[in-house]
Amino acid sequence: MSTISLAPTLHLNGTALIAEPSGALYWPARETLVVADLHLEKGSSFARRGQLLPPYDSRTTLSLIADAIRRRRPARVICLGDSFHDGEAAARLAPDDADAIRRLTGSSDWIWIAGNHDPVPPETLGGRVVTDALVDGALIFRHEALARAAPGEVSGHYHPKAAITQRGRRLSARCFVEDGRRLILPAFGAYTGGLNVLDPAIAALYPNGFRVHLLGPRKVHGFPRARLLRA
Amino acid sequence: MDESHLPRPIPPNDLPEPFAGWFAARGWVPHPHQQAMRAAANAGEHALLIAPTGGGKTLAGFLPSLIDLAGLPDPDAAGLHTLYVSPLKALAVDIARNLTTPIAEMDLPIRVETRTGDTPQNRRQRQRENPPHILLTTPESLALLISYPEAVDFFATLRTIVIDEAHALAGTKRGDQLALCLARLSILAPDARRVGLSATVAQPDALAAWVSPTAGPGDVRRIEGGGAVEPQIAILDTEERLPWSGHYGLHAAPEIYREIRKAGTTLVFVNTRAQAELLFQELWRGNEDNLAIALHHGSLAREQRRKVEEAMARGALRAVVATSSLDLGIDWAAVDLVIQVGPPKGVSRLTQRIGRAGHRLDAPSRALLVPCNRFEVLECRCAIEGLMARTLDGEAPGPGGLDVLAQHIMGLACAAPFTADALFAEIRASAPYANLDRATFDDVLRYVEDGGYALRTYERWRRLFHKADGTYEVASPQVARRHRMNIGTIVESPTLKVRLRKGPVLGEIEEYFATLLEPGDSFVFGGEMLRFEGMRETWVEVSRAPGKEPKVPSYLGGRMPFTTHLSDRVRAALEDPASWRDLPEQVAEWLRLQQWRSVLPPRDGLLVECFPRGDKEYLVAYSFAGRNAHQTLGMLLTKRMERMGVGPLGFVASDYVIAVWSLHPVEDVTGLFDEDMLGDDLEAWMEESSLMRRTFRNVAIVAGLIERKMPGTEKTGRQVTFSADLIYDVLRRHEPDHILLRATRADAAGGMIDVGRLADFLKRAATGGIIHRRLDRVSPLAVPILLEVGKEQVASDAAIEDLLDEAAADLEGDLVREAMGGPDGGGILHGELPL
C-alpha cells in the first residue's frame, strides 16, 4: 500500500472529495467513506438458477472494502444501496462472510441505504438502515439519482463505466460521473458489470455535460464527455 | 465427389453389381486405395486413409457402405448404417449432393440426409424417429444428438463411422469433442467400424491413435493413397522494390493481376482477413479487363460466401481472394493456379493449399508464392524446399481440453445416468484423454456436478444429482435444455453485424473494432468502402460512401504460427551462404551486407545484437521461435531488464526476431537469456496477461460456466454487461487451483503463450551458445523489426496506466488530476459478456 493522497479529485456542490481507484469515494472533511452497489451474493443468485459461478464474490468485495477502510480509517461508511443482490442474499452468506460484515459494521458508523435490489436491508448484520436519503451538509446520499435533484446528490445504481481509445487501443473501465452538481459512483461489487455513461439512462441526468473519472489500475484519470466511446 | 477416376490397368475390377457396371459405364476403375479400403471393410477393420487432396478419398470412404447397404434384404428396417462427420457444414451438404448421383443412377434403396446447425427442427424430429441410412453431420451436431436419451436406439444399428478431414480435427478442441463422442458411439454401437480420411500428415501414428477406439495406432489399418504429381511452384520475382517490412503484399498486386489474367481460374490465398480486404481492393483498382475477382473470408455473411462458392463451382469466376476459410472444403477441379500471398507459415499448410489447384492426380498443381517482405522470401523458399522434400510439419496432438471434457460429461448426463468408473474407462479409450489421471477426471466431474468449489455452502446448488445407487443424473430438464443450447467448442470473439442503412446484413466485424469507429469513419469490408453511421441496438449501421484513409478491421484470430520445422529450415538457410545463389538479388545483397556489418544468425545458438539509436539502446535477438513465444519472451526479458536496472521501455516481436529497447545497454546478455527465465516471472506474468483472460473466457464458455450470447437473447438498448474477467479475478484470488484455472493455464501454455516452444528455444540458445555483437548502429537484418516498432502494443498493467496517462495528458485544461496512491483496485475490463 503506497502513500495516501488527500488531494481532492473532484468538487461537488463546493465539497472537496477524493475518488479512489478502488471505486470508493472519500469525503475527508467528514471522514466518510462511500461505496455503491456491492451486490453481495450475486454469484449464489446465479447458482440458484443453475449457473455455478465461483461463489467468492462476497468475500472479494468485503476484503476490498476492508482495504479501503484500512487506508482511510473512516468514522463513517455509507453504502449507497443494492448492497445485497436480493432479499435472500443475507441468508445465503457463508458464515465467515457474515462475520466479516459484522466486524466491518462494528468498526464505524455504518449506514445501509436501501436500494431496489435490497429495499429492506438485513438487520442481523449490524449498521443502521436509511430507507430514503441521507443529508449531510452540502451533500445528499441516495441510491438512485432523481430526475430533478438539488445540487450535491451522491448516488449509485447505474454502474457507470466508460471507454476511450489511445493509440488504437480501447481502454474501458468503471468510472465516477459528475458535473459539479451531481455525482454517480461506479459499482464496487466484485461481480457488478457496467453501463456505458453515454447510454441515455445516465447521460439524460446530465443535460449540461459531464466529466468521468476512469478507474485505472493505480490511479483515477479524468476525461470530458467528448473523449469517450460508445459501447 | 470431386475427383476424377482415371482409367488404370490394375487392379481388376471385382466390384459387385450394379457397382461394377456403373464404374465401367464411366470408364472408371477403382483406385488401389479404394480397393484397399474395401478389403479393410470386409475384414471388419478400422482404417485410416492418408492421401493427398484429389485422390478419390471420399468415395473410398463411402464405397464399402454403399455396397453393404445395396445388399441388404430389408433396407427399410436397417436404421442408421453410416455416420459421416466433417469439420465443415458445407462439406457435409456437398457430399450429400454428390452421393445422390450414384445412388440415383444405380437405383439403390439408400437414404442420405444431412444434419447440421442449419437443419430445420421438423426434419431433426423426423430423423430421430426414422433415421436415414447415411447421416452426414458435424462434431457439434453429433454432440447434440448424443445428449438425447434416444441416442441409445438411434445409434444401435450403426455399422460405420467416416471421419473426413481427420487431420484438421485431431489436436483441436473440436477434435477432442469428436473423440469423446466417438468413445460414446463405441458404447452405443460396439461393432461400428471407424474410418478416418486425412490429407498427408507429419504424425500418421498419432492420427491413427486418434481414430482408434482404443487410442492405440495398432488396431487401425493404414492405407496410403496415390502420390500426387510433383507440383510446379515458383516464387514471384518481383520487379518492384521488395519491402523491408509489412505483411500485405500490395506492392505485388499488378504482378498478381497479370498472373490471374494468364490463368484460367486462380485461388489467391492470404493469411488474414484484413489482408484479404486490402489486396482485393488493390486488385480491383487495376482490374482493367473487369475480370470476375471475388472475395471470401470468414467474416462475410454466409449468403455472400455461398454465392462466391457457387459462382466458383460454375466456373464463373477468374479469381477468389480467400483466407483459410477455403483451406478445406469443396473441391474445384477448375482451379489451375494457386497464389499464396505472404508466407504459408508451415509446409503442411502450403501442401494443402497448393493441393487446391489442378485437382487431378495426373495434373501437376501450379502455384506461385508472393513474399511480402525480405524475411518472407527466405520463409517461402524454405517452405518450397520442405514441400519438395515431402517433409511435413506439425506436432503430435496434445492432451484433450478439460473444458471440452466437462461439456461432454454434462451432455452424457443429459442422455442417461452414468457411474464415474464406467465413464472414466470410456473416456480413457479416446486418444486425447488416454493419459487422463483419475484425480483430474474426478475434479472435472465435480465441477460439472456442483461447480467444484472448496466453499461448502455452495453445494446445495447442483447440475447433477449423485444418487444412492452411485449413478449421476442431470438435476433438471432446465439444466439439460440450457446445456444443449451451449454445445460446441468454437468460441468466437464477440462480433456485431454490419448492416446497410435500410438494407441487408453484409457480415460481421469484431465488437472490439466497432468500438474504435466514430460516425463518419470509413472502413473496408467485403471489398467495399463503407461509412460508419452509428451503433444501433445490436448492429453496426453503415452506408456505401467513399472516404479517406479507411480503417481496416482487425481480427484477433487471423494469425497463424510459424512452425518449428519451417523455423529450422530458415535458420539453416541463413547460416549457409551457398544456398543464397538463387535468391532474388535484393535479398542476397541484404544478407551479404549483414555478413559484413555484423554476423549471420547461427543455426544452433542465438545471435543477439545491441546498438544505440537515437537516445535509446536496442537489443535484437534472432530467436525464430514464432510470434506467440516471442510475445512471452518479450514480457520476460523486460522484467529481467527492469531488475538489471537498464530501464526497458518496450519491445516488439515478429515470427523471426524480438527487439527490446531501453535507456541503458544490457551488459550481461548471457545472463539475460538464462534458461531459468521460465520461473516465477512467467507465472506472475501469465496470471495477469490479457491472453490468460481471453483463454479463461473461452474455457469458461466451453465448460458451461458462462453462457454464450444467444441470438435473439441480447437485450436491446440499455445493456448491463458483466465481464468474464471479473469471474477470473475472483476465482484466481480465492481458488487458484480450481479445475477451470488449471484448464486455462494448460490451454494458454500450449497456445498463445507457447511456453513449450520458448523452453526449446532457451535450451537451444544455452547449448549452441550466445553470440553477442555490440554494434555502433542498426544492422541490415534488424531493419525490418525496427520498422515494426510503434505498430505493436504491449499489454500489461503498467502499459494501461501509461496509456491512460498519455490520453489524459492530451487533454486541455486541468482535467488531469494529481495521481493518488492506493493499491491496485479497479480493473480494466476486456471481452465483456452479458450475464
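Hi everyone, thanks for coming. A word on bookkeeping before we look around. Residues are numbered from 1 along each chain as its sequence is written, while chains are lettered from A and ligands numbered from 1 in the order in which they are written. Because this is a predicted model, local features need pLDDT of at least 70 and side-chain atom pairs count only at pLDDT 80 or more, whereas totals for chains, interfaces and linings use all residues.

Let's start with chain B. It has 31 helices and 28 strands; here helices (H or I, at least four residues) and strands (E, at least two) are DSSP runs, numbered from the N terminus. Of its 835 residues, 49% count as buried. By buried I mean that 20 or more other C-beta atoms lie within 10 Å of the residue's own; exposed means 12 or fewer, partly exposed is in between, and the C-beta atoms are placed from the backbone. I'll also talk about contacts, meaning that two C-beta atoms, placed from the backbone, lie within 7 Å. Among contacts in chain B between residues at least 6 apart in sequence, 75% join residues at least 24 apart.

The domain assignment, whose bounds come from an automatic or database source, gives chain B domain 1 (19-224), domain 2 (232-388), domain 3 (402-485), domain 4 (495-554) and domain 5 (598-688 + 753-795). The C-alpha centres of domain 2 and domain 3 of chain B lie 46 Å apart.

Now please find helix H11 of chain B, residues 253-262. Which of its residues are buried? They are Ala253(B), Ile256(B), Tyr257(B) and Ile260(B). These residues cover an arc of only 105 degrees around the axis, so they sit on the same side of H11(B); the arc is that of the directions from the helix axis to the C-beta atoms. On the other side of H11(B), Arg258(B) and Lys262(B) are exposed. The cover over the buried residues of H11(B) includes helix H12 (273-285) and strands E9 (266-269), E10 (293-296), E11 (319-322), E12 (337-341) and E13 (366-370) of chain B.

Ile256(B) turns up again in the largest nonpolar core, which has 213 residues. A nonpolar core is a set of buried Ala, Val, Leu, Ile, Met, Phe, Trp, Tyr and Cys residues joined through C-beta atoms within 7 Å. Among the residues that touch the most other members are Ile256(B), Val268(B), Leu279(B) and Ala659(B). The largest share of this core, nine residues, comes from H16(B). Leaving aside its neighbours within four places in sequence, Val268(B) is in contact with residues including Ile256(B), Val320(B), Val321(B) and Ile339(B).

Next, a sheet. Three strands of chain B form an open sheet in the order E14-E16-E15, with antiparallel pairing; two strands pair if DSSP finds at least two bridges between them. E14 (418-419) and E15 (464-466) of chain B are at the edges with a single partner strand each, so one side of each has no neighbour in the sheet. In the pairing of E14(B) with E16 (471-474) of chain B there are two bridges, and Thr419(B) stands opposite Thr471(B).

Over to strand E25 of chain B, residues 658-662. Five of its five residues are buried. Ile658(B), Val660(B) and Ser662(B) point one way, while Ala659(B) and Trp661(B) point the other way. Five bridges join E25(B) to E23 (616-621) of chain B, running antiparallel, and five antiparallel bridges join E25(B) to E24 (648-653) of chain B. Trp661(B) has Tyr618(B) opposite and also Gly650(B) opposite. A hairpin through four residues joins E24(B) to E25(B).

Last stop, chain A. Gly127(A) lies in the loop between strands E6 (109-113) and E7 (128-130) of chain A. Why does Gly127(A) count as buried? Because 22 other C-beta atoms lie within 10 Å. Its C-alpha atom is separated by 4.6 Å from that of Trp110(A), 17 residues apart along the chain.

Phe141(A), in strand E9 (139-142) of chain A, is buried with 27 other C-beta atoms within 10 Å. Leaving aside neighbours within four places in sequence, the contacts of Phe141(A) include Val34(A), Ile78(A), Leu80(A) and Val154(A).
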